[in-house]
Amino acid sequence: MYCSSYSKFWEEKGCSCILQASANEATKKCSIVVEVSGRTCAAEACPGAKQLSLYRSGKSDAERNVAVKYICKFLYDNAIAFNVVNSRSFEEMVEAIGQYGHGLKPPSYHEASDKYIKEAVNDLSDMRKKHELAWKTYGCTLMLDAWSDRKQRHLVNFLVNSPEGTFFLGSVNASSETHDAAYLAGLLGQKMEEIGVDNVVQICTDNGSNYKAAGRLLMEKYPKLYWTPCAVHCLDLMLEDIAKIDRFKDWIVKAKRVTTFVYRHLKLLDKMREYTGGNELVRPAATRFATTFYTLQSMHKNKEALRKLFVSDFWTKNKLAKTETGKHVYEVVMSMTFWNVVEDCIRASHPVLIVLRLVDGDENPAMPQLTAAMEMCKNKLNESFSRKPPLLEKLMQIFRKRWDDQMMQKLHGAALFLNPGRFFDIMENDPDYAQTLRMIFNQVVTKMMDGDEMIATIDVLADDYQQVRGDCFDTKIAINGRKRKSPLDWWKSNGGGQALPLTKVARRIVGLCTSASACERNWSTFERIHSKKRNKLGHPKLDDLSYISFNSKIQERFARLHHEGNKVNPLFLEEFQWDNEWVDKDAEVVQRVHEEDDLTWDQVDAAATTSLSLVRRNQTRGGHGVPSGGNFYTRRAPDSVDELDQDPFTCDDEDVDDDVVGADGPQSQHEGGEDNEADEDNSDALEYDDDDV
C-alpha cells in the first residue's frame, strides 16, 4: 500500500510513525499520523485514489493558497505541463520541501545538471536488482529499436521485458556505423552478456530485413535463443493493408475530408461538439492506422449527431453550405453508401484492434494469448463477411501475408499449449490442433533445455498436464483456476512439487511479451527530454535522463496497477463486446430520423439522391475511361491515407472565396484536384455497394 511506502519515506527523513491505524471497513481508508521534530503531520490514503492526500494540521487555507500560488507560478513561467502535479515524484518533492522547513537552498545549475543526475541513476539500482531477479526466475525479452534525434544522431534503444515490467537498459549512439546484420547482432550480443545469456529467452524487434538477419546470426551463436518479430508492427501493417483495400481507401479519404473540414472551421466545430454532447470525432491512437479506424468508429457512433448538424438551420444558413467543399461534405454525411462502407471498415478492423490492444500493453504477458486471439480475429472476420466473399478473400489474403507468413512462431504455439484457459477447450473441440500444439511444445523444450534426462522428465510431466493427472493438475483448485487466473499465475499456484521442472519451463514461455512497442514509447521520453530548448544535450546525459525518467515512470505505473488493480484487463478477451454492430453482421439497427416517427435515413438518402450524386462523382468524365480535359488517369497506390488528403481549402470561417458559391461559378479546386484520383476508379466498390444497399 502507499501508506507503507510513505512511512519508509518519512522514516528516511528522520520522522517517527506514532500511530498507524488499520483499514476502516466502512470507508476502505487507512491513515497514518507522523511526528516530525515535534510537529504532527497526517496522511490519509484511499486504495481507490490515484494519489496519497497529504495535509498538515495547524495551517490555514490562506497560508496554503500562498504556497500553492508560487508552485503554480513556477509551472506557468516555465511552460510545464499541468499533469506533472499528478506524478508521485512531484508529491514527494513538495513533501520533502515541507519537511525541511524554512531556509532550503535550491539546487544550483551544476547540481541539477550533473551531481544529482548521477545520484538519481544510482538510486535506481535497487529497482534494477528486482528486475534482474525476475530475469533469472522467469527469463526475459530483449528489445531493440533505432531512431534519430534532433541532432540527427542515430540512437539504438535497448529495453528488457519480464513479468516484473519493462526496464530501459540504455542507448547506443550508432551514427557512424552501418546498421547491417553483423553490427546489430554485435550490439545485441553485448547486451545479452550484460543481462546474462541464459536469462534471455527471445529477442524481439520489428520486421526489417536487417533485424531478421541479425536474429538469425544470434540464434546460430546462441542455440537456445529465439528471435520473434514485433506483433504490434505486424498488426499495424495489417491495418494499413485493410485501409488500402479498393472498397475502403477512397471512402476513408472522404471521411477524413469530413473531419478536417469540421475541425478547420471553428464555429462549425463548436456546433458539432454541441450536437455530439462534447464528443470528438477524431480519436488519436498509438499508431497511425489505429487512429484511422478508431476515428471511423467515433464518426459512426456520432452519425446521428452529424446528420442532424448538416440538416440544421445553422448549416443551411451558413455560407460554408454554399461552397463546393461544403456541398461535398454534406453529400458524404447524408449518404447511406458512405455509412455502409464505414460499417464494413469497422467490422474489418475492430478484431485486429482488439489484438493490437492486447499485445501493445506490457502490464501482463501476451505470449500465451496471442495465437488464440488471432484465431478469434480470423473467425470474426469470416463471420462478419460471410455474405461478401470477394471482400472476405482480400481480408484473408492480408491475414495470411502478415500473420501466417511472418508471425507464426514456435514460441507462440508452445505458449498456447501452456495456457490452460485455452488449451483444454482446444483439446475438446479440435484434438488434432491440440496434438500439433503439443508437438510444437516438444520442439521448443528440446531447443531450450540441456540434457536428455531433463527433457524426458519434462515430457512425462507434460503428459500429466495434458491428461489432467498427478497431484498438481487434477485438483479442484487447479481445474477451477484455469480461466480465473492468468497462465503465469496458474503455473505459480499449481506447478510445485514434482511438476517443478515443467513449471520452470512454462514460466519462461508464458511470461514473455510479444512486441517491442515499449521501445517506441521510450522515443517520446527522448523527445520530451531532448526538446528544441535542450538540443545541446550530449548523448551520455540524454541517456541518463531517459534512464531516470522512463524507469521511474514504469515503476510508478506498475505500483499503481498493483495497488489499485486493473479494472479493465484486455488480456481476457471475453471482456470485449464482440456481439455489437461493429463486428456482428446480424446486428442491424433501424436508422430513424426521429424516434417518434417511422421516417428512416434510407428514405432521406433516396429523396435527396445524395448517394446517387456521389456515384456520379466517381464515374469517369469524358467517356471511355478518359477524364475530362484529355489527361489520362494513372492509378497510384498512396503511401498512407494522409497523402490522399492534401486539402487546399481554408480554415477560416469567413474566408470562403476559394470555393465556388452557387452553381454557376468557376470549377472549384475540389473538382479537378486529388479527389478525382481518389474517387474515379471506385466502380468496383460502388457496384458492390449496389448489391448491399
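Trainee: At roughly what angle do the axes of helix 9 and helix 15 cross?
Mentor: Keep in mind that this is a predicted model. In it, the axes of helix 9 (residues 246-264) and helix 15 (residues 336-360) cross at roughly 115° and come within 10 Å.
Trainee: And how are the two helices oriented to each other?
Mentor: Angles of 65 to 115 degrees count as roughly perpendicular, and therefore helix 9 and helix 15 are described that way.
Trainee: Is the crossing left-handed or right-handed?
Mentor: The crossing of helix 9 and helix 15 is left-handed.
Trainee: Which residues make the contact?
Mentor: From helix 9 you have Arg247, Phe248, Trp251, Ile252 and Ala255. Helix 15 brings in Thr337, Phe338, Asn340, Val341, Asp344, Cys345 and Ala348.
Trainee: How many of those are nonpolar, polar or charged?
Mentor: The contact of helix 9 with helix 15 has 8 nonpolar residues, along with 2 polar and 2 charged ones.
Trainee: Switching to strands: is strand 8 mostly covered or exposed?
Mentor: Strand 8, residues 200-205, is mostly covered, with 6 of its 6 residues buried.
Trainee: Which strand is strand 8 joined to, and by how many bridges?
Mentor: Strand 8 runs parallel to strand 9 (residues 226-229), and 4 bridges join them. For one example, Cys204 has Thr228 of strand 9 as its bridge partner.
Trainee: Zooming out, how many helices and strands does the protein chain have?
Mentor: There are 31 helices and 9 strands in the protein chain. Of its 693 residues, 48% count as buried.

Terms used
Residues are numbered from 1 along each chain as its sequence is written. This is a predicted model: local features need pLDDT of at least 70, side-chain atom pairs count only at pLDDT 80 or more; totals for chains, interfaces and linings use all residues. Side-chain values use heavy atoms; hydrogens and water are left out. Axes are lines fitted to C-alpha atoms, for helices over the stretch in contact, and angles run from 0 to 180 degrees between N-to-C directions. Angles under 35 degrees count as roughly parallel, over 145 as roughly antiparallel, 65 to 115 as roughly perpendicular and the rest as oblique. A crossing is left-handed if the near helix is turned anticlockwise from the far one by less than a right angle, and right-handed if clockwise. Contact means heavy atoms within 4.5 Å. Ala, Val, Leu, Ile, Met, Phe, Trp, Tyr, Cys and Pro count as nonpolar, Asp, Glu, Lys and Arg as charged, and the others, Gly among them, as polar. Buried means under 20% relative accessible area, exposed over 50%, partly exposed in between (1.4 Å probe, protein chains only). Two strands pair if DSSP finds at least two bridges between them.
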